[in-house]
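I opened my notebook for a friendly look around one protein model. Here is what I looked up, entry by entry.

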Amino acid sequence: MRVVIGGTVAGAVALGTFAVVNANAGSAETAAVVADAVDGNLQQSTHLTLEAASRAAQATLDAAKKENQRVSVAVVDRNGNTILTLRGDGAGPQAYESAVKKAYTAVSWNAPTSELAKRLANAPTLKDIPGTLFLAGGAPVTTEGAPIAAIGVAGAPSGDLDEKFAQAGVAALGE
């Protein structure tokens, strides 16, 4: 008898849950339609496509390869989310994470990380912000002065080279 009652109770709970979820789903659809109709609730933004990010990353690796440098490259979107990363042949294990952090830092401040590293003299606690890396090698990608992405490079013997390669990736987007 307990098994039958337990099964009945479980079925009733499941049915009740389904009804609540079903009722809520209808409300969410209605809310979304209302929000779409009111211009003040929406904001349009520009994002780099995966195809463009891939082209920029490959141009970055090609520039490094021409100078016999083994690097990793990361491309992040305007929100600092990683679009893609490529680890070049022979790049060191630290390069991957460093490239992501440099890209994140560049897009966060819409400035090359070499310039941002100079700001540490006046604001040394900037380096304490999680996910950032204030070393040369990150370059923002902008449109009309606003950041839409960034490219980070790590693994070359100097940050200046890393940033030179990142700039090659940015330039490839303008071609």
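Entry 1, ground rules. I call a residue buried under 20% relative accessible area, exposed over 50% and partly exposed in between, using a 1.4 Å probe and protein chains only. The model is predicted, so I kept to its limits: local features need pLDDT of at least 70, side-chain atom pairs count only at pLDDT 80 or more, and totals for chains, interfaces and linings use all residues. Residues are numbered from 1 along each chain as its sequence is written, and side-chain values use heavy atoms, with hydrogens and water left out.

Most residues other than glycine have a negative phi, and most peptide bonds are trans. I found that Asn110, which is not a glycine, has a positive phi of about 50°. I placed Asn110 in the loop between α3 and α4 (113-119); helices (H or I, at least four residues) and strands (E, at least two) are DSSP runs, numbered from the N terminus. Asn110 counts as partly exposed because its relative accessibility is 28%. I then turned to Glu144, also not a glycine, with a positive phi of about 55°. Glu144 sits in the loop between β3 and β4, and at 83% relative accessibility it counts as exposed.

In what order do the four strands form the open sheet? I read the order as β2-β1-β4-β3, with antiparallel pairing; two strands pair if DSSP finds at least two bridges between them. β2 and β3 (138-143) are at the edges with a single partner strand each, so one side of each has no neighbour in the sheet. Neighbouring strands here are turned by 15° against each other on average, direction ignored. For such angles, axes are lines fitted to C-alpha atoms (for helices over the stretch in contact), and angles run from 0 to 180 degrees between N-to-C directions.

Six of the six residues of β1 are buried, so the strand is largely enclosed by the rest of the structure. I saw Ser72, Ala74 and Val76 point one way, and Val73, Val75 and Asp77 the other way. β1 pairs with β2 over five bridges, and Ala74 stands opposite Thr85 there. The two strands form a hairpin with four residues between them, and Gly80 in the turn has a positive phi of about 85°. On to β4: six bridges join β1 to β4, and Val73 has Val153 as its bridge partner.

I noted a polar contact of 2.7 Å between the side chains of Thr85 and Tyr96. That term means a pair of N or O atoms within 3.5 Å; within protein, one must be able to donate a hydrogen and the other to accept it, and residues adjacent in sequence count only if both atoms are side-chain atoms.

Leaving aside neighbours within four places in sequence, Thr60 is in contact with residues including Val73, Ile151 and Phe165, where contact means heavy atoms within 4.5 Å.
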